[in-house]
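Dear colleague,

I am passing on the structure below for you to look through. My notes on the interface and on a few residues follow it.

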Amino acid sequence: MNTIIIILVAIIGGIVAYYISHDLGKGPVVGSTIVTLGSGLIFTGLEYLGVPGTVELAIVATTAGYAGMVSKKYVNNMTQMVVVSIISGVLYILSTNLFVGIGGRLGTIAAVSCFAFIGLKRLICYKIPSFFERDDCSF
Amino acid sequence: MNKKVAIMACSVVSVYLTWFINHNLGLGSIIANGIVGLIAILTLPKDLAGVSYTASFVGMSSMVVVPSILATLIAGVLVGSIIILTPTIYAGVGGKGGTTAAVSTIISRLIYSIIG
């Protein structure tokens with residue numbers, strides 16, 4: 001599957017989950033569930049209609065949807081969520097053959113994405129304090 | 001005490017239900033997780049819906065990893081126990097539930113391979 005499509009789907013999955021969770025105030029479980037069920041139905045449906053390889057995109061969107069469960073304390077806005085989603089897409093591509101079949105694998109990829117982003121943000125807050133708004137570095 | 005029993009019950013039911021939809025109904029792990037999450041948010045209080053959703057990740061495992069109802073029971077009890085023991089660790093980090101589920105799945109696979 002094309003890397004760019006995977007990254008784009010990851011971005012959409014992540015920001016939709018984040019938007020439902022925080023901007024609509026429905027909470028992380030609702031946000032992630034809607035992304036998971038929606039992507040599962042859409043991409044599985046496309047696979048049945050003869051579009052090959054789309055089930056993998058459902059997995060990518062789900063992974064980013066799990067990352068979208070992150071608290072506003074760590075990921076303050078949609079731009080930052082896009083970065084987390086890109087990281088989750090890249091990690092998904094890099095870990096295609098790791099822990100296949102283990103339940104929680106996608107959530108673990110999401111967690112690593114969030115930790116990577118939090119680490120990166122801390123580093124930037126430390127080195128270039130003016131990069132983010134003051135509140136962004138208060139976690 | 002009642003809360004812990006509720007968490008344990010939600011975990012076990014959620015793992016089994018996801019596993020059943022995934023393998024017995026053949027709908028796949030993503031849709032199974034979505035259905036269980038939807039049922040959880042429509043029927044349970046917010047915190048227990050989160051528990052059920054986390055436990056549901058375990059049921060997304062393949063037949064090689066969680067091959068039977070006994071294995072789902074072991075995995076459900078384990079994920080419930082870990083959720084009870086780690087409520088505040090990495091709270092708010094996206095994917096915490098998945099990591100909890102992955103740890104539970106790996107440990108339950110080990111236990112099942114010994115007793116199964």
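Helices, as named in this email, are DSSP runs of H or I of at least four residues, numbered from the N terminus. Please keep in mind throughout that this is a predicted model.

With that naming, A:Ser95 is found in the loop between α4 (78-94) and α5 of chain A. A:Ser95 counts as buried because its relative accessibility is 10%, where the cut-off for buried is under 20%. A polar atom of the A:Ser95 side chain lies 2.7 Å from the backbone oxygen of A:Leu91. Leaving aside residues up to four places away in sequence, A:Ser95 touches A:Arg105 and A:Ile109.

The first of these two partners deserves a paragraph of its own. A:Arg105 has its place in helix α5 (residues 105-127) of chain A, and although A:Arg105 is buried, it has no salt bridge. The nearest side chain of opposite charge belongs to A:Glu56, which is 7.8 Å away, whereas a salt bridge as counted here needs the side-chain nitrogen to be within 4 Å of a carboxyl oxygen. Not counting residues up to four places away in sequence, A:Arg105 touches A:Tyr92, A:Ser95, A:Thr96, A:Leu98, A:Phe99 and A:Val100, and, from the other chain, B:Ala102.

Turning to the interface, 32 residues of chain B are in contact with 33 residues of chain A. The area buried between the two chains is about 2,300 Å², and carbon and sulfur atoms give 75% of that area. Across this interface the rule finds nine residue pairs in polar contact, with both residues at pLDDT 80 or more. On chain B, the helices α2 (29-43), α3 (46-58) and α5 (96-115) each supply at least two residues of the side that touches chain A.

Definitions and conventions: Residues are numbered from 1 along each chain as its sequence is written. Chains are lettered from A and ligands numbered from 1 in the order in which they are written. This is a predicted model: local features need pLDDT of at least 70, side-chain atom pairs count only at pLDDT 80 or more; totals for chains, interfaces and linings use all residues. Side-chain values use heavy atoms; hydrogens and water are left out. Contact means heavy atoms within 4.5 Å. Buried area is the accessible area (1.4 Å probe) that two parts lose on being put together, summed over both. A polar contact is a pair of N or O atoms within 3.5 Å; within protein, one must be able to donate a hydrogen and the other to accept it, and residues adjacent in sequence count only if both atoms are side-chain atoms. Buried means under 20% relative accessible area, exposed over 50%, partly exposed in between (1.4 Å probe, protein chains only). Lys and Arg count as positive and Asp and Glu as negative; His and the chain ends are not counted.
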